[in-house]
Amino acid sequence: MSVKEVRTSPEISKTLHATAVALNGKAVLILGRSGSGKSGFALQLMACGALLVADDRVHITKQDQFLQAHAPDTLPGHVEARGVGILKADYVQSAEIVLVVDLETAEKDRLPVPRSCSILGVNLPVVRRVDAPYFPAAILQFLKSGRAEL
């Protein structure tokens, strides 16, 4: 993951090699190496009602204890579909990041222990890739209602 960190007062920000989509103002940050399927996964979520925030590069700013995802100034509202080309997409300028999806690692547990990561000092829940057709729907449901704490 390529990270550029910039300090501005009072916010802290960075740009990540990632993709982000949002539903009702809540964003999922999709992480993975080049070719891991970030854009393809975003397209699946968008087909189910999510809106693009940014593809390939996501600018993140910290405001209080929340992170906002923004599209960089270049190519807002565009998403790559391998083998098809660069597509125009409905998008939002920014959204609060509430979940990170890690496409690098497959989830093996049926009911995994909750995982988290820290970005700019803010802890966020992490979900690993699930190789099942319901995975995009599960992520959208997470954005809508969160995960049950049992």
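In the hairpin formed by S7 and S8, three residues lie between the strands, and Gly 83 adopts a positive phi near 85°. The model is a predicted one.

Attention now turns to charged side chains. Side chains of opposite charge can pair when their charged atoms come close. The model contains three salt bridges. In one of them, Glu 104 pairs with Arg 33, with 3.3 Å between the closest N and O atoms. This pair links distant parts of the chain, 71 residues apart: Glu 104 belongs to strand S9 (residues 94-106), while Arg 33 lies in the loop between strand S3 (26-31) and helix H1 (38-47). Glu 104 counts as partly exposed because its relative accessibility is 37%, and Arg 33 counts as exposed because its value is 52%.

A further salt bridge joins Arg 115 to Glu 107, the closest N and O atoms being 2.6 Å apart. Arg 115, at 22% relative accessibility, is partly exposed; Glu 107, at 16%, is buried, since buried means under 20%.

Arg 129 and Asp 131 also meet through their side chains in a salt bridge, at 2.8 Å from N to O. Here Arg 129 is partly exposed at 23% relative accessibility, and Asp 131 is exposed at 62%.

Key
Residues are numbered from 1 along each chain as its sequence is written. This is a predicted model: local features need pLDDT of at least 70, side-chain atom pairs count only at pLDDT 80 or more; totals for chains, interfaces and linings use all residues. Side-chain values use heavy atoms; hydrogens and water are left out. Two strands pair if DSSP finds at least two bridges between them. Helices (H or I, at least four residues) and strands (E, at least two) are DSSP runs, numbered from the N terminus. A salt bridge is a side-chain nitrogen of Lys or Arg within 4 Å of a carboxyl oxygen of Asp or Glu. Buried means under 20% relative accessible area, exposed over 50%, partly exposed in between (1.4 Å probe, protein chains only).
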